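Q: I'm new to this one and would like a close look at a single part. Could you show me the model before I ask?

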Amino acid sequence: MTEKDQLNEIQSLIEQTKQQITQNNQQLEQTNQQLDLLVKDVEILKQETIRTNDRVEIYQKASQQVVNLAFCLIAATAAAIVIPTVLGR
């Protein structure tokens, strides 16, 4: 193999390496874009989770208040019936 052939082969290898580097850089850029999209999606899910948790908390508090109101009404009704009966009025 002559020196010129060796240089051509080296030059060819350098070109192949450059192409591979370019392809790798493109893939890395695509991966970074996908990662950015995933980060945004996670942020959106995080915000939705916070809102859902707030809604569940409000629902639980409202349900507890309805239950308390129901018990108060039952107690008031029972008192309205029992007190006159006991006192004989």
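Q: Which helix do E15 and K18 lie in, and how many residues apart are they?

A: Both E15 and K18 lie in helix 1, 3 residues apart, or about one turn of the helix. Before going on, note that this is a predicted model, where local features need pLDDT of at least 70 and side-chain atom pairs count only at pLDDT 80 or more, while totals for chains, interfaces and linings use all residues. Residues are numbered from 1 along each chain as its sequence is written, and side-chain values use heavy atoms, with hydrogens and water left out.

A salt bridge here means a side-chain nitrogen of Lys or Arg within 4 Å of a carboxyl oxygen of Asp or Glu. E15 is partly exposed at 40% relative accessible area, and K18 is partly exposed too, at 47% (buried is under 20%, exposed over 50%, partly exposed in between, with a 1.4 Å probe and protein chains only).

The whole structure has 2 salt bridges. K61 also forms one with E57, with the closest N and O atoms 3.3 Å apart. K61 and E57 are 4 residues apart in helix 1, so about one helical turn separates them.

Methods
Helices (H or I, at least four residues) and strands (E, at least two) are DSSP runs, numbered from the N terminus.
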